[in-house]
Amino acid sequence: MISSKLNNTYWKLGQSPTSCTGFNYTIEEKKYSNVTCNCTFNASTVCHVVSIELKGLDLNGTLPKEFGDLPYLRVLHLHDLSRNYINGSIPTSFGHLRLTNLSLFGNRISGSIPDEISDISTLEELVLESNQLGGDLPSSLEKLTNLRRLCLSANNFKGTIPESLQNLKNLKEFTIDGNDLSGKIPDWIGNWTQLKRLYLQGTSMEGPIPSTISQLKNLSELLISDLSGPTPTTQFPNLEDMKMLKTLVMRNCSITGRIPEYIGNIETLKLLDLSFNRLAGKIPDTFEEKGKDRTKLDNMFLTNNSLTGEVPSWITLDDENNIDISYNKFTGPDLDSCGSGQVNLVSSYASSTRSTTLWCLQKDLPCNSGKPEYYSLYINCGGDRVHFQGQIYEKDSNDKAPSQFFVETSDKWAYSSTGVFIGKEKSSYVAKNTSSLIPEDVVIYQTARLAPISVKYYGLCLRKGHYKVRLYFAEIMFFNNHTFGSLGKRLFDISIQGTVVRKDFNIMEEAGSAGKGIYEDFDATVDGSTLEIHLYWSGKGTNSVPNKGVYGPLISAIAVTPKFDPNPGPSVGAIIGLVIASCVVLALILGLLRMKGYLGGNDIEDKGEINHPRNL
């Protein structure tokens, strides 16, 4: 019954009750069925199933309630890059089991978490990430006092985090990214003193970050982003005792004040993301690796703050680590470039330095050539130069983008990208299609540029006026079939000239499927000379389907065209002025010709002189 409901064709049924070997099947490293039995019952004549692992098999059936009839089952895995496609709700019969690990990662499980799950008193790991579960988090989960991992990211949970969960004092991992939770981050979160990983990205929870977070001294990964709510600002929380931090993300949390110097003294810290906050003051010298002209961190993202003072030389000279300090308010020193390949400095200087600052360090990226001359723009994002609909879309295949400002050779356009894909830091920043597209003959959707946090495209030296901005998209990293690879959900925001025009944009939802090209049109006005197109990931959607590090903005191509005539004829006033000027010039010419006698004036006068009586 279990096999048929799962549509599992890999198990060989009808075998001896003293063996489980017919249930084990390996296709490749992460694609297999593994069933473990204990065959010591009734003098080794009866086997009981104690563990089931089904990974990478793309099973597309329903979740059988009959799993609850296996009294000795301890581990149930239908997860972990398993590429399954199982649907249905979590059966209440699971409450009869004595599992230590229940993991349904990456399926189509819907409904709510039944209270009966809380009856599994032996449960140590509950992993329900990347499904379609919803409703409120059950307060009954407090009964799972042995729980070490509670992973609920990329679902549709609503409401607040129940206060009763503070009793889960053995918890070491809590991830709830991308759910539509409300309320504040609870003060009692400080009770989870054994916590090592805390992920609170992309929820609708409110700030400020509670001061009790300082009690989580065992944290190695702390990720909080995009807090909402009425609280305008929050002070930098005290993290001084977190000596084991490796990853610290507090992005877009309205944090004010200075960056504490002790952050640079956390020896284990390798990734720091404090971007899109309101931080002020100087970058602490404690971030410098003394004697080596570089930062201690592998990745440091401080973009979109209000940091001041001079940019330290150990940042501008760093050619090993990824550093983004763009969009701040530095006042020096005088630089002759916008940063190296791994240091992003675009728009990083204060407006007061405008007269002495390189164009790319200024806030509005003024035209480098002096006078705006362009009125259109075509970019094939992530790909080579191509012809499409009578236009040439320019090459954009640069793959170095963790913290980069790239300017096209003619200074006609540029982009600024920031962030690394957490969980897969070596990922590519361009994607190439490997399957069929709809329509198949459209070359513009074959590639795309990716960004883990933010990417901004700039149209440079554009004439003033109104423009149409057409953005092309095709989801080429998910699959258009009934497999695990089709279950990804990519969400990001689109802004034009600083105004959000699409919130939580979902390419697959708009197109109707993966691999189908679409475009979105927007109006834009260029008052200066620069057009800005910004794509931003606010922590929502999946981030591990079909693989880790698949999330964030994706764009296939950009077309910018004028809504004005770029080569207009003369105006009515100009025509009238031209006619008047022409008449005056003509009159002057005629007068001059008459004086010279070419029009007969001198000849008559001469004849008058010959026949005058005084000459007779």
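Visitor: Which strands each supply at least two residues of the lining of the largest cavity?
Guide: Those are β31 (413–418) and β34 (454–459), where a strand is a DSSP run of E with at least two residues, numbered from the N terminus. A cavity is, on a 1 Å grid over the protein atoms alone, a set of points where a 1.4 Å probe fits but cannot get out, and lining residues have an atom within 4 Å of a point. Please keep in mind that this is a predicted model, in which local features need pLDDT of at least 70, side-chain atom pairs count only at pLDDT 80 or more, and totals for chains, interfaces and linings use all residues. Residues are numbered from 1 along each chain as its sequence is written, and side-chain values use heavy atoms, with hydrogens and water left out.

Visitor: What classes of residue line it?
Guide: Its lining has two nonpolar, seven polar and two charged residues, where Ala, Val, Leu, Ile, Met, Phe, Trp, Tyr, Cys and Pro count as nonpolar, Asp, Glu, Lys and Arg as charged, and the others, Gly among them, as polar.

Visitor: Now the largest pocket: how much space lies in it?
Guide: About 830 Å³, and a pocket here is an open set of points with protein on both sides within 12 Å along at least five of seven lines. It is lined by 43 residues, of which Arg197, Tyr199, Gly423, Ser544 and Lys548 lie nearest its centre, while β17 (residues 247–251) gives the most to the lining, with three residues.

Visitor: Switching to the sheet, what is its strand order?
Guide: An open sheet of four strands runs β16-β18-β20-β24 with parallel pairing, where two strands pair if DSSP finds at least two bridges between them. Its edge strands, β16 (234–235) and β24 (306–307), each pair on one side only.

Visitor: What is the bridge partner of Ala280 in β24?
Guide: The partner is Ser306, and β20 (residues 278–281) pairs with β24 over two bridges.

Key. Grid points are joined across faces, edges and corners, and a volume is the space filled by probe spheres set on the points.
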